[in-house]
Amino acid sequence: MKPLLFGTSKINDQGILEIGGVQATDLAKDFGTPLFVYDTALIKKQAQGFKQTFEELGVKHRVIYASKAFTSKAIYQLLQKEGLGFDVVSDGELHTALVSGVNPDMIEFHGNNKSYSELLTAVEEKVGMIVLDNFHELELLKAITKEKKQIQKVMLRVTPGVDAHTHDYILTGQEDSKFGFDVKSGQAANAFEKVQESQYLHLSGIHCHIGSQIFDTTGFSFATEKMLEILMDWQKKYDYVAEILNLGGGFGVTYTSEDHPLPAKDYVKQMVEKVKEECDRLDYPLPEVWIEPGRSIVAEAGTSLYTVGSRKDVEGVRNFVAVDGGMGDNIRPALYGSKYNAFLANRALDELTEIVTLVGKYCESGDKLIEDLKLPKAKPNDLVAMTTTGAYGYSMASNYNRNQKPAVVFVENGKTQLVVKRETIEDVARFDLDLK
């Protein structure tokens with residue numbers, strides 16, 4: 001079985017994985033392991049795949065990177081050059097975006113429990129859009145903008161009651177959700193009226209996000225119908241016409257050979273056609289269309305490199321192969337039961353002779369990265385490459401067991417750039433105080 005490879009990744013004649021023209025063995029030698037490696041050519045290709053289709057269809061749009069997938073100064077700077085906007089969900093993400101040089105007008109502030117200080121910072125920094133998620137923050141923002149006498153563009157996040165065909169943990173568009181204003185109960189209409197009462201809140205449009213790892217556009221089509229129904233109702237009742245319709249993100253990626261997502265251009269084409277169709281049917285002015293891809297821009301561009309250490313072979317039961325990372329740099333298998341692909345990056349052409357469970361070094365029985373993985377006979381110091389780890393790996397990393405977070409390196413055209421330093425042993429205790 002051949003390894004799943006993406007972008008510029010390939011196996012050379014020596015059986016060594018290359019990413020961006022750089023051998024994985026050299027990356028491990030120069031930067032150590034565990035290591036996150038990003039193929040920046042693929043990131044750019046994915047970003048442009050979304051943007052170009054909008055442009056070809058002649059629709060006003062904004063492609064907004066959902067930065068929770070992977071946040072760093074370098075990724076903000078890279079994607080700003082590609083013309084993307086940015087979705088942030090905390091003061092930490094907002095700060096990182098701002099110190100990276102991101103134009104505040106291209107920032108959209110999300111989150112279901114924004115604090116007063118976060119909203120105040122967003123207003124003071126002139127963030128382009130705040131997506132209101134509940135009545136508490138709506139009232140906070142009304143008070144802040146009134147005190148500052150400053151106009152703030154906002155959207156209402158609504159839950160249209162559409163279930164995406166995805167894992168229960170990552171369903172966010174249905175009525176039973178912590179996110180957004182429910183439509184059926186009348187929350188959304190109530191929120192609309194409260195926003196309109198404020199002279200400093202400008203309602204630019206509405207937003208929904210129906211889930212993640214979505215492999216077709218059926219859910220988006222249903223969501224579009226629901227969202228246009230809401231807007232038509234508000235047009236009739238309040239003479240309101242939305243400037244923007246934000247359909248969120250959730251576009252799927254390939255983790256294993258069982259996953260079959262659409263190309264970025266196909267998602268956009270089918271979504272735009274549905275929006276146009278519904279607007280024509282309802283005689284509603286075509287709004288600007290916004291989407292929020294995150295995982296689909298960076299996931300397949302990321303590869304985790306690990307070094308093999310110990311192993312435990314229990315005849316007739318299981319072979320455990322342990323690496324120098326694990327749930328501290330990729331919590332998704334333990335948290336969600338997520339499936340991944342991996343292979344020996346230094347011996348990728350060797351015959352697959354054993355089935356193993358790839359485990360980490362953390363003191364948890366659930367610290368399993370991949371079960372039933374076919375590998376050549378793995379030995380200490382072999383290099384394991386785990387693919388499609390560019391999203392929600394580093395961003396969800398922890399210091400559990402006081403392990404240090406990995407480094408992150410960008411590669412392209414044979415060149416490497418360290419963009420996040422590896423934490424040191426001193427870093428993990430830097431906030432500790434001595435007992436007095």
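# Calls and cut-offs in a predicted model

Q: Where is Thr 388 found?

A: Thr 388 is found in the loop between E19 and strand E20 (407-412). The element names come from DSSP runs, numbered from the N terminus (helices are H or I, at least four residues; strands are E, at least two). Residues are numbered from 1 along each chain as its sequence is written, and side-chain values use heavy atoms, leaving out hydrogens and water.

Q: Why is Thr 388 called buried?

A: The relative accessible area of Thr 388 is 0%. Buried means under 20%, exposed over 50% and partly exposed in between (1.4 Å probe, protein chains only), so the label follows.

Q: What makes the phi of Thr 388 worth a look?

A: The phi of Thr 388 is positive, near 55°, in a residue other than glycine. Most residues other than glycine have a negative phi. Asp 372 also has a positive phi, near 55°, but lies in strand E18 (residues 368-375). With 59% relative accessibility, Asp 372 counts as exposed.

Q: How do you know that the peptide bond from Thr 33 to Pro 34 is cis?

A: Its omega is near -5°. Most peptide bonds are trans. Pro 34 belongs to the loop between helix H1 (24-31) and E4.

Q: Which residues of H1 are buried?

A: Ala 24, Leu 27 and Ala 28 are the buried residues of H1. Viewed down the axis of H1, they fall within an arc of 95°, so they line one face of the helix. That arc is taken over the directions from the helix axis to the C-beta atoms. Lys 29 and Asp 30, on the other side of H1, are exposed. After H1 comes Gly 32, with a positive phi near 80°.

Q: Why is one side of strand E1 (10-11) and of strand E3 (22-23) left without a neighbour in the sheet?

A: The sheet is open, with three strands in the order E1-E2-E3 and antiparallel pairing. E1 and E3 stand at its edges, each with a single partner strand, so one side of each lacks a neighbour in the sheet.

Q: What makes strand E2 (residues 17-19) and E3 a pair?

A: E2 and E3 are joined by two bridges, in the antiparallel sense. Two strands pair if DSSP finds at least two bridges between them, so this one qualifies. Here Ile 19 stands opposite Val 22 in E3.

Q: How many bridges join E14 to strand E19 (residues 383-387)?

A: Five bridges join E14 to E19, and the two run antiparallel; Leu 305 faces Ala 385 in E19. Strand E14 (residues 302-314) also pairs with strand E4 (residues 35-39) over four antiparallel bridges, where Phe 36 stands opposite Ser 304. A further antiparallel pairing, over five bridges, links E14 to strand E15 (residues 318-323), and there Asp 313 has Asn 319 as its bridge partner. The hairpin of E14 and E15 has three residues between the strands, and in it Gly 316 takes a positive phi near 80°.

Q: How do you know that the structure holds zero disulfides?

A: A disulfide is a pair of cysteine sulfur atoms within 2.5 Å. The structure holds zero of them. As one example, the sulfur of Cys 279 is 14 Å from the closest cysteine sulfur, in Cys 208, which is too far for a bond. Cys 279 is buried at 3% relative accessibility, whereas Cys 363 is exposed at 63%.

Q: Why is Lys 68 called partly exposed?

A: Lys 68 has a relative accessible area of 39%, which puts it in the in-between class. It sits in the loop between strand E5 (61-66) and helix H3 (73-81). Leaving out residues up to four places away in sequence, Lys 68 touches Glu 93, Tyr 392 and Ser 395 (contact means heavy atoms within 4.5 Å). An unreviewed UniProt entry annotates Lys 68 as "modified residue: N6-(pyridoxal phosphate)lysine"; UniProt positions are given in the numbering used here, feature names are shortened, and annotations may be inferred rather than shown by experiment.

Notes. This is a predicted model: local features need pLDDT of at least 70, side-chain atom pairs count only at pLDDT 80 or more; totals for chains, interfaces and linings use all residues.
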